[in-house]
Amino acid sequence: MWSDMIGNTIGLVALALGWRRSVLTWPAQLLSGLILVGAYASAHLSGGVGKQLLVIGVAAWGWRQWSRGRQQAQDGSIAVRFATWKERGLLLAGAALGTLAVGGLFTLYPSLSWSPWADAYIFVGTLVAMVAQARGLVEFWFAWLLVDLVGVPLAFNSGLAFSGLVYVIYFALVIWGMRDWWLRTRTAPTALEGAHA
């Protein structure tokens, strides 16, 4: 329970830092993932463990991506934008194919997850969201929103009540973060025009 609480609290901090477009979101996500591996392992949720190992790997990659592109915005934060239609298609195709593949694996080996399709959906959805975040795409918020819709009931049904409550708070932060990034994409061109005038 303590690892669940501490890991998810750090996860909330990571989401808030992502909202602020701070590169510190990635080390926070990495630390949260390390702690939550223990929480999910104790609840016998192999899909959750796999998800957190994925979070750790993608957090290291995202940290590198944001560190290299830190000066893309005028205020020194990460520049954000909407994905192109091609990028959206790739994200959706990756999510669909990945969920089918992972869900099939979990179904074939029931010991990996007691809820194979929900676990697969969360596992792959998390990867899609983090890849989109690393690329500075507003769509990453939509991906997190869709993950939360399944993650909340699954966490409560798994006996990880704190995780479930945190997912509810995630939902509110995701809405605010989505609005902030969305507005930033609309004001960036105006700011650049003013800088060139």
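Is Arg 135 buried, partly exposed or exposed? Arg 135 counts as partly exposed, because its relative accessibility is 44%. Here, buried means under 20% relative accessible area, exposed means over 50%, and partly exposed is in between (1.4 Å probe, protein chains only).

## Before we start

This is a predicted model, so local features need pLDDT of at least 70 and side-chain atom pairs count only at pLDDT 80 or more, while totals for chains, interfaces and linings use all residues. Residues are numbered from 1 along each chain as its sequence is written, and side-chain values use heavy atoms, with hydrogens and water left out.

## The overall layout

Let's begin with the whole chain. The protein chain has seven helices and zero strands, and from the N terminus on its elements run α-α-α-α-α-α-α. Helices (H or I, at least four residues) and strands (E, at least two) are DSSP runs, numbered from the N terminus.

Of the 197 residues in the protein chain, 47% are buried. The accessible surface comes to about 10,100 Å², and 71% of that belongs to carbon and sulfur atoms; such areas come from the Shrake-Rupley method with a 1.4 Å probe, and for residues only the protein chains shown count as cover. Now for contacts, meaning heavy atoms within 4.5 Å. Among contacts between residues at least 6 apart in sequence, 69% join residues at least 24 apart.

## The nonpolar core

In soluble globular proteins, nonpolar side chains tend to be buried together. A nonpolar core is a set of buried Ala, Val, Leu, Ile, Met, Phe, Trp, Tyr and Cys residues joined through side-chain atoms within 4.5 Å. The largest one here has 47 residues, and the members touching the most others are Trp 26, Met 130, Trp 141, Trp 144, Tyr 167, Val 174 and Trp 181. Two or more residues come from each of helix 1 (2-19), helix 2 (25-42), helix 3 (46-68), helix 4 (85-108), helix 5 (116-134), helix 6 (139-157) and helix 7 (161-196). Helix 5 gives the largest share, ten residues. This core lies between domain 1 (23-75) and domain 2 (80-185), because both give residues to it; the domain bounds come from an automatic or database domain assignment.

Not counting residues up to four places away in sequence, Trp 181 touches Gly 18, Trp 19, Arg 21, Trp 66, Val 80, Gln 133, Gly 136, Leu 137, Val 138, Phe 140 and Trp 141. Then there's Gln 29, which sits in helix 2 and counts as buried at 11% relative accessibility.

Leu 145 is found in helix 6 and counts as buried, at 18% relative accessibility. Leaving aside neighbours within four places in sequence, Leu 145 is in contact with Phe 171, Val 174, Ile 175 and Met 178. The C-alpha atoms of Leu 145 and Val 174 are separated by 6.7 Å, though the two residues are 29 apart along the chain.

Phe 171 lies in helix 7 and is partly exposed at 36% relative accessibility. Together with Leu 146, Leu 149 and Ile 175, Phe 171 makes a nonpolar surface patch of about 370 Å². Patches are made of residues with over 30% relative accessible area and no salt bridge: like charges are joined within 9 Å, nonpolar side chains (Val, Leu, Ile, Met, Phe, Trp, Tyr) within 5 Å. Helix 6 and helix 7 each supply at least two of the patch residues.

## Salt bridges

How many salt bridges does a search of the whole structure find? The search turns up four, counting a side-chain nitrogen of Lys or Arg within 4 Å of a carboxyl oxygen of Asp or Glu. Arg 21 pairs with Asp 180, their closest N and O atoms being 3.1 Å apart. Arg 21 lies in the loop between helix 1 and helix 2 and Asp 180 in helix 7, so the pair ties together parts 159 residues apart in sequence. Arg 21 is buried at 7% relative accessible area, whereas Asp 180 is partly exposed at 23%.

Back to Arg 135: it forms a salt bridge with Glu 87, with the closest N and O atoms 3.4 Å apart. Glu 87 lies in helix 4 and Arg 135 in the loop between helix 5 and helix 6, so this pair ties together parts 48 residues apart in sequence. Glu 139 bonds with Arg 88 in a salt bridge too, at 2.8 Å between the closest N and O atoms, linking helix 6 to helix 4 across 51 residues. Finally, salt bridges that share partners join Arg 81, Glu 87 and Arg 135 into one network.
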